[in-house]
Amino acid sequence: MATAAPSAASRIAVVTGASSGIGAATARRLAEAGYRVVLTARRKDRIEALAEEIDAAGGRATAYALDVTDRAAVDEFATAFRTIGVLVNNAGGALGADPVATGDPADWRQMYETNVIGTLNVTQALLPALTASGDGTVVVVSSTAGHGTYEGGAGYVAAKHGAHVLAETLRLEIVGTPVRVIEIAPGMVRTEEFALTRFGGDEAKAARVYEGVAEPLTADDVADTITWAVTRPSHVNVDLLVLRPRAQASNTKVHREL
């Protein structure tokens, strides 16, 4: 099925966490699909470089440095828009892999602030503009971690479960309005930063996450899925889409060729 071109009233797509990985790949894909993308992240230099790349490729992009956990900054950002068509809540991430008994509460707090409160902040601030477009879409990029736990992952699992519940509840609460709520829950995705950040820059630990897995998902695989879901006809809502590499049957069952 061919993708539907965005309508005139819904051609702006805001992507959070757009400085790398899934966020950057999604911004590129949405620009290719005809959206004017607004790139947000804390690292201004990266999103400015990405905006230049998208513009050079014939797309339209604007960079806006933003910390999604700063509510005042988010509210100020939202004043720039009367209408937008798409919000991709991608900002998030994992910190550590310690058991509950020894997990760092500061890491848990930061994961919750970024994955849940950050998503809440941006969604609340932009929901009026999404509704005003007459054809809005909220995307929450959660994780398979939000749908099944695993040892050493409780802090991240709790945060992503919060993101899942936010999406599920929002869909119930705004049914009847012209806004869809889509949750995309990726499994094992190999990006340049996710595991490295989780393990505090330890390259050996980060590499072991993907050891022996022939083809983990890529950021572009997830971006392609997000763009497909966003560009379905307006009456079609992809409530929840879980995607994993073929080698991963669950969060804890992974085929490794060692």
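1. The model is predicted, so local features are reported at pLDDT of at least 70 and side-chain atom pairs at pLDDT 80 or more, whereas totals for chains, interfaces and linings use all residues. Residues are numbered from 1 along each chain as its sequence is written, and side-chain values use heavy atoms, with hydrogens and water left out.

2. The largest nonpolar core has 35 residues, and those with the most contacts inside it are Val37, Leu39, Ile184 and Ile226; such a core is a set of buried Ala, Val, Leu, Ile, Met, Phe, Trp, Tyr and Cys residues joined through side-chain atoms within 4.5 Å. Buried is taken as under 20% relative accessible area, exposed as over 50% and partly exposed as in between, with a 1.4 Å probe and protein chains only. Ile226 touches Ile22, Thr26, Val88, Val139, Val141 and Ile184, not counting residues up to four places away in sequence, where contact means heavy atoms within 4.5 Å. Apart from this core lies another, of 26 residues, among them Val74, Phe81, Ile84 and Leu130.

3. Helix α2 comprises residues 44-56, and its 13 residues should span 18 Å at 1.5 Å a residue, which agrees with the 18 Å between its end C-alpha atoms; the expected span is 1.5 Å times one less than the number of residues. Helices (H or I, at least four residues) and strands (E, at least two) are DSSP runs, numbered from the N terminus.

4. In α2, Ile47, Leu50, Ala51 and Ile54 are buried. They cover an arc of only 105° around the axis, which puts them on the same side of α2, the arc being that of the directions from the helix axis to the C-beta atoms. The cover over these buried residues includes α1 (21-32), β2 (36-41) and β3 (60-65), while the face turned away from the buried side carries the exposed residues Asp45, Glu52 and Ala56. After α2 comes Gly58, with a positive phi near 100°.

5. Helix α4 has 28 residues and reaches 40 Å from its first C-alpha to its last, close to the 40 Å expected at 1.5 Å a residue. Its N-terminal end is capped by Asp104, a side-chain oxygen of which lies 2.8 Å from the backbone nitrogen of Ala106. The helix bends by about 45° at Leu126, with a proline, Pro128, following within four residues; the bend is the angle between axes fitted to the seven residues ending at a residue and the seven starting there. Just after α4, Gly134 takes a positive phi of about 80°.

6. Asn115 lies in α4, which covers residues 105-132, and counts as buried at 1% relative accessibility. Its side chain reaches the backbone oxygen of Met111 at 2.8 Å. Leaving aside neighbours within four places in sequence, Asn115 is in contact with Ala91, Gly92, Gly93, Tyr156, Ala159, Lys160 and Ala163.

7. Thr16 lies in the loop between β1 (12-15) and α1 and is buried, with a relative accessible area of 1%. The side chain of Thr16 reaches the backbone nitrogen of Ala91 at 2.9 Å. With neighbours within four places in sequence left aside, the contacts of Thr16 include Gly23, Thr40, Val88 and Val122.

8. Lys205, in helix α7 (residues 203-209), counts as partly exposed at 40% relative accessibility. Lys205 and Ala195 are 10 residues apart in sequence and 8.0 Å apart in space, C-alpha to C-alpha.

Technical notes: A polar contact is a pair of N or O atoms within 3.5 Å; within protein, one must be able to donate a hydrogen and the other to accept it, and residues adjacent in sequence count only if both atoms are side-chain atoms.
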